[in-house]
Amino acid sequence: MRFYMVDRVQEICFGKYVEAVKCISMTDDVFNEHFPGYPIFPGSLILEGLAQLSGLFFERSLAEVGHTWKRAVLVMVNRFKIREMAFPGDRLVYRAESKSFYPEEYSVAKVTAFKEGKICAEGELVFGFIDIMDDGMKNITRDLLAFGLKDARIVEE
């Protein structure tokens, strides 16, 4: 089962940054077990949301420079810290900024999650790139990029 930890991409500047929103709801399945009577949104899912956003960002940035069929794969997490817990009803703003972008090899994103304007989590994520060979996966990738960015404000450099 595939799950998405980002609700909406708000703004993107290809090759530079992307911002998105995650609204935490008590109806999220994670709260059945984490923790009954005191629901806390797991830091690992904040990390997952930031990784999904960064991967989407790098895949779309790759397409902008002519590398159409590449998949961004998370290969390393550096200095990731959860600074504040998140709960149902919280609205997180995710931001990923490109620190390094080498389309033939790897890219590094500085990621931050904000809650009410304060840093909730932050760190660096390193992505490698693999070729997408399967036509079915190419279609899925194309559709996911189009859907993920359909309402995003595109900022020119």
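This is a predicted model: local features need pLDDT of at least 70, side-chain atom pairs count only at pLDDT 80 or more; totals for chains, interfaces and linings use all residues.
I started with helix α2, residues 135-148: at 1.5 Å a residue its 14 residues should span 20 Å, and the end C-alpha atoms are 20 Å apart, so the two agree. The expected span here is 1.5 Å times one less than the number of residues. Helices are DSSP runs of H or I with at least four residues, strands are runs of E with at least two, and both are numbered from the N terminus.

Residues are numbered from 1 along each chain as its sequence is written, and side-chain values use heavy atoms, with hydrogens and water left out.

**More on α2**

I looked up which α2 residues are buried, and found Lys138, Thr141 and Leu145. Seen down the axis of α2, the buried residues fall within an arc of 65 degrees, so they line one face of the helix. That arc is taken over the directions from the helix axis to the C-beta atoms. Buried means under 20% relative accessible area, exposed over 50%, and partly exposed in between, with a 1.4 Å probe and protein chains only. The face turned away from the buried side carries Ile140 and Phe147, both exposed. An α-helix has 3.6 residues a turn, so residues three or four places apart point the same way.

What do the buried residues of α2 pack against? I found α1 (43-64) and β3 (70-82). Contact means heavy atoms within 4.5 Å.

**α1 and what follows**

I checked α1 as well: its 22 residues reach 32 Å from first C-alpha to last, close to the 32 Å expected at 1.5 Å a residue. Gly66 follows α1 and has a positive phi, near 95 degrees.

Arg71 is in strand β3 and counts as buried at 18% relative accessibility. Leaving aside neighbours within four places in sequence, I listed its contacts as Glu59, Gly128, Phe129, Ile130, Ile132, Met137 and Thr141. Thr141 is also one of the buried residues of α2.

Most residues other than glycine have a negative phi, and most peptide bonds are trans. Arg79 is not a glycine, yet has a positive phi of about 45 degrees. Glu116 is another non-glycine with a positive phi, about 55 degrees. I placed Glu116 in the loop between β5 (106-115) and β6 (118-131), where it is exposed at 71% relative accessible area.

The peptide bond from His34 to Phe35 is cis, with omega near -15 degrees. Phe35 sits in the loop between β2 (17-23) and α1.

**Phe114**

Phe114 is in strand β5 and counts as partly exposed at 25% relative accessibility. I noted that Phe114 and Tyr94 are 20 residues apart in sequence but 6.4 Å apart in space, C-alpha to C-alpha. Not counting residues up to four places away in sequence, Phe114 touches Arg91, Leu92, Val93, Arg95, Ile119 and Cys120.
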